[in-house]
Structure formats: structure tokens, C-alpha cells
Amino acid sequence: MVIDLDKCTGCGSCMVACMSENNVPFKEDETRKKDSITWMRVYKLTNHQPFPDTDICYMPRPCMQCSGIGEHGHAPCVSVCPAVATDYGFDTGIVSQIYTRCFGCRYCMAACPYHARYFNWWDPKWPEGMENYLSPDVSPRMRGVVEKCSFCYHRYQLARERAYVEERDEEAIEEQDYQTACTQACPAGAITFGDLNNPDHAVNQMVKPDPNAFGKPRNPKAFRLLERLQTNPKVYYISEREWVRKAGDNYLDGEWENLKNNHDKGHE
Amino acid sequence: MDSALIPEGAKRCPFPVFAIGIAIVSVVLLWGVYAMGLCWLKGLNQTNMDDYYPFALWIWADLAVIAVGGGAFFTGLLRYVFGIDELKNIVNLAVVIGFICYSSALLILAIDIGQPLRGWFIFWHANVHSMLTEVAFCLSLYFSVLTIEFIPLILENRKIDKVPFFHNLGHNMHGTMAIFAATGAFLSCFHQGSLGGMAGVMFGRPFAFREGLLIWPWTFFLFTWSAAAYGPCFTLTILKMFEGITKKKLVKDSVVHLLAKISGWMILTYLIAKIIDTIYWATVTAPSQGFRFMDFYSNNSFYGVWILIIEVVVCGIVPAIILVKKSYRENSRLLLLAIVLGTIGVCLNRWVMVLQVMAVPVMSFDTWALYFPSWQEIATTVLPVAYGVILISLAYRYLPVFPQEKELNAD
């Protein structure tokens, strides 16, 4: 997934589409945001500059689908789960979550630096009649288990099924056959989704992931959140604004300038 | 009323006084049980935890009781495996404390998980890569070992001991105790360590993450070491509390000073390792992830460098010096100060490795997450304390926990 932060207006359509698509329940009172479930969450960033240099950026944050150090599949959450309730799919690069296996120890949440994992503190409830609009392709989760963005995995399964019925290769589904709900909902077209390993897909062309550096982007305007932790996410961000790219990670004094200069030299 | 059950030659308070004391503590226990029931029936929304703070007071309590209960495995190891015979006079107390601590830890875990009925999944669907799996296996097995170590003491009750079968069973179990003590020490090394490993392996959390040896981060070794070092401090603190309440001498000073000396040297060596670890983490590991040392101790209203100073200096170096130096540790006031500080120190270390880890922001645009526990969390944390008070009081009243008691209180 590639998210162009310069296009994102912070409208929240991706969040709504995600909740609707994935049967995410909501609380009667949503004022306490830290126990609200938002698989896709839009953060508001600022450059901390006074007027007239003030600038803001909205950053949609789904699960990063990390492949872990050395791309061994040991994402921060996967390696710590004591009951293999979350696993890394080497075929898709997606980190799964088995709700009926999870017993709610929350170690995965503690280990995730992106706060992309959510616990069901409450019984899932919808206003009367709204149950009729739940998606039949996604199982609702019970109280006491962890859930997270799945890159709309059920859509991937449907795409494979369609390919099978149409007697096409299930392993090579078309780019448009599998798109996440947030991608389709974004009115600004800020989110692009596809196969990072497929050079014909837009995501590959946008970030040019380096296969020799665990997918690190070769596009100087692209970055991954907390790249230095070596979580190796599959969500890339693009921005022309330097301060936005810098906000994607933590740097000691002078490090960002060095990195920027080296990067620029590399692309001269 | 219950004089037939009280160890021969031992003096205990009248039964009504004892019963009133137990009744008062039971009220606290029932408060905790009520809160526990709420958590089980209504779910973890009864707590103040949230998605930024998924590990909170309970996990700290869990790690803290296991650390202070470390006196059981370490004293057992010294007594049965290294053959320091004098420690037989305090090993019973260490075992009872260990039993209470570990049973409490298991209870806390049962409350803490979101789906308690699925708790067995940790064994059935075990992920060999997870430190928590290692914790679960070693903790349960070691609790079994502690139960085996506790049984001979129960069988020594005056009434039970009169039954020939139980008398012989107890005698034979004593004979094989070295095997269990060694097994317990082995298991303990791994579960104490894996609790430390739980924090150290979180490479997405720079405050906790540590490099290490093979699959074990340095926190693995530090946790085992600190539990062995500080655990005896807690055993001695409880002993001093007993002696204060009963106004009796229960263990000879020579035994206390011996255990205090061993604890002191263990703390001292642990601190050397801890300081090296902290310096390496602050100057190499954390900077490699883009963090300055002070990032972890500033820009919030609670966590400052003071917490590190209290942990390492006030509750580490100070007790280590007191316990290592003969004239200091033989001063009863200084000894008391050292063992209390030591107990606080290891609890503080566990606090930092759980709660501060959750509080520190990792993404550059994120903020510190601070939390205060709900009354249900506090009540369920007090629950094991009340349970421990009741169990240890019963053990003291009816079992020969202190072999030297009769001799020291002959008059």
C-alpha cells in the first residue's frame, strides 16, 4: 500500500469505509479515543512552525503488515504471540489475526510501535437494525480478543475465487480485482494498493522497493514509518514535504541532514 | 481451641484474636474477589487500560511478585544443591512465600487475559518463538515444584504427622528434595529470564529493546539475576515483619546475616551488569534507533531520570553496600533498611520494564501515554496480598515454618 500524504485531506472516508467493510463495532460514547477500535486511523501531524509557516499533514495509518527484521516473518506482533493467533503469510505478506485463537493477553499490542492493534474491551454492539448491514464476509469479533487491519483479506479470497471460477491463475490476480475498502473510498485518490513485487503494479512503480534492502523505497520522496526499527512495513508514504518525511522516523541531531545529503547524492 | 494443631512447644496468640485478624483481612480479600468477578463477568472494560496501555498494573504486579518470590528458588538452590546447611532454618519461609507469590501470579494472569476460558491455548497452540509461552510453561511447572516443596511442610503439622502414611511420605519427600530444588532452580532461571525477555525482544519498543546472546536479550539474564539477588531481601523482610508482629526471634542472626551477605554480593554483581547494560543501551542501542537517552525521561509529567536513580542508586547501590559490609549488615536497623530498599528496588525495576515501556512514545508525532488504574484493578492487585497474608498466617500458626523458634524462645 502506498499513501500519498500530499493528497490526503484528512476527510476520514478511509476510516468509515474500513469500519463498515470490516464490521468494526463502535461504542455509544466515543469520546475516549484510546479504547476505540479504528483499524485505519488518521493522525494529524504538524510542523510546529508559527504562522505563516504552519503546515499540517494527515497520515492514515493502517496495520503496517510488517515482515520483521530480515523479512523472516517475525513481525513485532507475530513473534510475541504465545498462541500463534497472529501469523505472517509469506504468500501475501499480510499479517493475519485468528480471533477464535486469540485469548486476549495483549502482548502483540504492547509490541506494536504503530498502535495498529486494538482490543475488544466491550461486547460488540450495533444500533438496532444495523446488524442487517454487516458484511457477511467478515466475522465480527467477540469481547476480549485483539483485532487489526487485514488489508481486507476477504477481498483477496474473493478475488482468488473469482479467478478460479473464470479459470485464471489464482496466484496472479489482476491489480483491480483486489483493492482494499479504504483505497476505493478515498475521494482524493491518496491510497494506492497492489502487489509490491509486481513491476506492473502502480505501487511498485511509485516507491521502487529495493529487493536487496528488504523493500526499502528507492524513490527519495517515499518512506516507511519507523524504518530504523527494522519492522519492514508494507505501507509506504510519499510526500514532497521534507518535514513530513522526517516525521516518519526518529533522528538524533544532524542525522536527518546526513541522511538527506547521502540520499540526494545517491540519486544525482 | 486449636491447640492440638499448633506445633509442639510453640506459643501462638489465642484463637479468637487470630480469627478476628483473619476476618479483617478476609474483608479485603472479598473486596478483591468482587472486583475479580466484575472483570470476569463484564470484561476488561472494568479497568483503565486502553489500546495505548495494554499492559498495566496487573502485569507489573505479576512480574513483581515473581521477582520477590525468587527467594524461594535461590534459597532452595543454596540449601539443597550448594549444600549451605544453615539455610534450612529459613528455607521453609522462602518456600511458603514462593508458593504464595507464584499462585498469585497465576491468579493475576487468569484475570488479566481477555478470554480466560481460552487460557489453555497458550499450552495447546504454543508459539515456540514467544517469550510468553516460555513464561507460561516454566511458571506452571515451577508452581508444581513449589507445591511439591510445600507439601512436606504441611505434612509436618502435628496432627497430620501422627498418621504413619503422611509421616513416611513427608520423610521420603524430604529425601528427594534436592532433585526438586535443582529442577525448580532450572525452571526458575528460565521463567524469570523469559519475563525479562518479554520486554527485551520487543524491537518495536526502543525503551525495552535489548540486544543479547543467541535468542535471549540481556534483560533475560538481568531478570534472573535480579530475582535471585533481591528475592532473599523480600524473604528477610517478611521474616522481620513476623518477628516484629510476634515479638519473637524466629531465626538466628547468623542465618539472617549469611543470607543477607549472599544477597548483597548478588545485588552488587547484578548492579555492575545492570549499569553496563544501561550504558550500552543508552549510548548504542537506543541511538541506533534514533532515540536519545533523555527522550525516555522527559516531556511528560511523571517519568524522569529520578526513577532510574532511585532504582539503581537508592534501591540498588545503597542496599548492596550495606549487605556486603559485615559491620553494616550486622546493624539491625541498617539491615532492615537494606532489605526493604532491595525489595522496593526490584519492584521498581519491574514497574519500569512494564509501565514505562508502554508510556514512552515511539512514533515521532505520538505523545506520552500515562494511565491511572481503576479501583477494580487496585482491588484485584490487593487480592493476592490479602490471600498471602492469610496463607502465611495459617502456615505460621499450624506448621513448623521456623525450626529454630522453639530453641530461640525456650523461656
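Analyst: Pro52(A) lies in a loop of chain A, the one between strand E2 (41-46) and strand E3 (56-61). The model is a predicted one. The peptide bond that leads from Phe51(A) into Pro52(A) is cis, with omega near 10 degrees. Most residues other than glycine have a negative phi, and most peptide bonds are trans. The bond between Phe51(A) and Pro52(A) is cis, and the general rule explains why such a bond deserves attention.

Glu167(A) belongs to the loop between helix H3 (153-165) and helix H4 (181-185) of chain A. Glu167(A) is exposed, because 7 other C-beta atoms lie within 10 Å. In chain B, Asn299(B) has a positive phi of about 60 degrees and is likewise not a glycine. Asn299(B) is found in the loop between H11 and helix H12 (305-324) of chain B. With 12 other C-beta atoms within 10 Å, Asn299(B) is also exposed.

Strands of a sheet pair through backbone hydrogen bonds, either parallel or antiparallel. Four strands of chain A form an open sheet with mixed pairing, in the order E8-E1-E12-E11. Strand E8 (191-192) and strand E11 (222-223) of chain A stand at the edges, each with a single partner strand, so one side of each has no neighbour in the sheet. E11(A) is joined by two bridges to strand E12 (residues 236-238) of chain A, and these strands run antiparallel. Here Phe223(A) has Tyr237(A) in E12(A) as its bridge partner.

The next topic is where the chains meet. The contact takes 44 residues from chain A and 39 residues from chain B. On the side of chain B that touches chain A, helix H5 (121-124) and helix H6 (131-155) of chain B each supply at least two residues. H6(B) gives the most to that side, with four residues. By class, the side of chain B that touches chain A has 20 nonpolar, 14 polar and five charged residues.

A loop residue shows this contact in detail. Asn127(B) is found in the loop between H5 and H6 of chain B. Apart from its neighbours within four places in sequence, Asn127(B) is in contact with Cys81(A), Pro82(A), Ala83(A) and Val84(A), as well as with Thr133(B). Asn127(B) is buried, because 20 other C-beta atoms lie within 10 Å. A residue counts as buried at 20 or more such atoms and as exposed at 12 or fewer.

Helix H3 (residues 70-81) of chain B has twelve residues and reaches 16 Å from its first C-alpha to its last, close to the 16 Å expected at 1.5 Å a residue. H3(B) is mostly covered, with eleven of its twelve residues buried. Among them are Phe73(B), Phe74(B), Leu77(B), Leu78(B) and Arg79(B). The buried residues of H3(B) pack against helix H2 (57-68), H4, H6, helix H9 (177-200), H10 and helix H11 (253-288) of chain B.

H9(B), one of those partners, has 24 residues that should span 34 Å at 1.5 Å a residue, and its end C-alpha atoms are 34 Å apart, which agrees. H9(B) is largely enclosed by the rest of the structure, because 17 of its 24 residues are buried.

The axes of helix H4 (residues 88-112) and helix H10 (residues 218-246) of chain B come within 10 Å and cross at roughly 105 degrees. This angle makes H4(B) roughly perpendicular to H10(B). Ile90(B), Leu93(B), Ala94(B) and Ile97(B) in H4(B) meet Phe234(B), Thr235(B), Ile238(B) and Leu239(B) in H10(B). The residues of this contact divide into seven nonpolar, one polar and no charged.

Leu107(B) also has its place in helix H4 of chain B. Leu107(B) is partly exposed, with 18 other C-beta atoms within 10 Å. Leu107(B) and Leu383(B) are 276 residues apart in sequence, and their C-alpha atoms are 9.6 Å apart in space.

Note on methods
Residues numbered from 1 in each chain as written. Chains lettered and ligands numbered in written order. Predicted model: local features only at pLDDT ≥ 70, side-chain atom pairs only at ≥ 80, totals over all residues. Contact = placed C-beta atoms within 7 Å. Nonpolar A, V, L, I, M, F, W, Y, C, P; charged D, E, K, R; others polar. Axes fitted to C-alpha atoms, helices over the stretch in contact; angles between N-to-C directions. Parallel < 35°, antiparallel > 145°, perpendicular 65-115°, else oblique. Pairing = 2+ DSSP bridges. Expected span 1.5 Å × (residues − 1).
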